[in-house]
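Hi,

Here is the structure I promised to send over.

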Amino acid sequence: MHFLSEDLEDYVAFHSQNEPELLAQLNKETYQKILLPRMLSGHFQGRVLSMLSKLIRPISILEIGTYTGYATLCLCEGMQENGMVHTIDIKEELVDFQRKYFDKSPWGSQIVQHLGEAIDVIPTIETKFDLVFIDADKENYLNYYELIVPKMNKGGIILSDNVLWSGKVVESLKEGDLSTKILLEYNKRLNDDPRVETVLLPIRDGLTVSRVL
């Protein structure tokens, strides 16, 4: 579902900062070689993630769902000089692809890749986070959230992607559609949870910004 017309989406992208050349290369190679390239954050959302990171100025970042590392590098753009990013993915075949682009960036030594199920990995990371980006399997969004909130610094930001789920959140729930069911519960949970304040932005497929109180 397009929430804006394609002409307006093109206008928005054209009037947003250009993506850095390294990210343009990553984008191109992802579409050439990797399955499901639309999972990539892409130019406009990437610039949104970059801007949010630059406003937050995080020292510690957690990303759940690395894919090919585009969003990872966007989040790095606002990270403080002594910062670290922990990024988690389950696809072993993407690890070398990610690392190639991480090492081409200024932040290669500051990006820690974790291979495995995020539910298992998150408890093993012994740090508090300033910024978290959730962009993985929707069925576990609530589980990820409950693991993350106790590991957030006060004032930290949790970004949740795909929370509009191609408009399915406002359609009749179909039998067996677990992803939409969980996202409906997740969106309500974030809005009702007294530990955070939340705004849902209609950016691409929906991006929620939650600030930990």
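**What I found**

Let me start with Asp-7, which is exposed, with a relative accessible area of 64%. Quick background before the rest: this is a predicted model, so to speak of local features I needed pLDDT of at least 70, and side-chain atom pairs count only at pLDDT 80 or more, while totals for chains, interfaces and linings use all residues. Residues are numbered from 1 along each chain as its sequence is written, and side-chain values use heavy atoms, with hydrogens and water left out.

On the wording: buried is under 20% relative accessible area, exposed is over 50%, and partly exposed is in between (1.4 Å probe, protein chains only). The areas themselves come from the Shrake-Rupley method with a 1.4 Å probe, and for residues only the protein chains shown count as cover. Helices (H or I, at least four residues) and strands (E, at least two) are DSSP runs, numbered from the N terminus.

**The negative patch**

Asp-7 sits in helix α1 (residues 6-14). Together with Glu-6, Glu-9 and Asp-10, Asp-7 makes up a patch of negative charge on the surface. A patch takes residues with over 30% relative accessible area and no salt bridge, joining like charges within 9 Å (nonpolar side chains, meaning Val, Leu, Ile, Met, Phe, Trp and Tyr, within 5 Å). Asp and Glu count as negative, Lys and Arg as positive, and His and the chain ends are not counted. Each charge is placed at NZ of Lys, CZ of Arg, CG of Asp or CD of Glu.

**Salt bridges**

How many salt bridges are there? The count comes to 12, taking a salt bridge as a side-chain nitrogen of Lys or Arg within 4 Å of a carboxyl oxygen of Asp or Glu.

One of them pairs Lys-33 with Glu-29, the closest N and O atoms being 2.9 Å apart. Both residues lie in helix α2 (residues 21-33), 4 residues apart, or about one turn of the helix. Lys-33 is exposed at 57% relative accessibility, whereas Glu-29 is buried at 10%.

Another joins Arg-189 to Glu-146, with 3.2 Å between the closest N and O atoms. Arg-189 is in helix α8 (residues 178-192) and Glu-146 in helix α7, so the pair ties together parts that are 43 residues apart in sequence. Arg-189 is partly exposed at 31%, and Glu-146 is partly exposed at 33%. These two also belong to a network of salt bridges that links Glu-146, Arg-189, Asp-193 and Arg-195.

Then there is Arg-211 with Glu-197, where the closest N and O atoms are 2.9 Å apart. This pair links distant parts of the chain, 14 residues apart: Arg-211 is in strand β7 (residues 207-212) and Glu-197 in strand β6 (residues 196-201). Arg-211 is partly exposed at 38%, and Glu-197 is partly exposed at 42%.

**Helix α7**

Is Tyr-144 buried or exposed? Tyr-144 is buried, at 2% relative accessibility, and has its place in helix α7 (residues 141-148). Leaving aside neighbours within four places in sequence, Tyr-144 is in contact (heavy atoms within 4.5 Å) with Ile-64, Ala-118, Ile-119, Ile-122, Ile-134, Ala-136 and Asp-137. The C-alpha atoms of Tyr-144 and Ile-122 are separated by 8.3 Å, with the two residues 22 apart along the chain.

Asn-143 is also found in helix α7, and is partly exposed at 38%. Its C-alpha atom is 7.4 Å from that of Ile-119, a residue 24 places away along the chain.

Cheers
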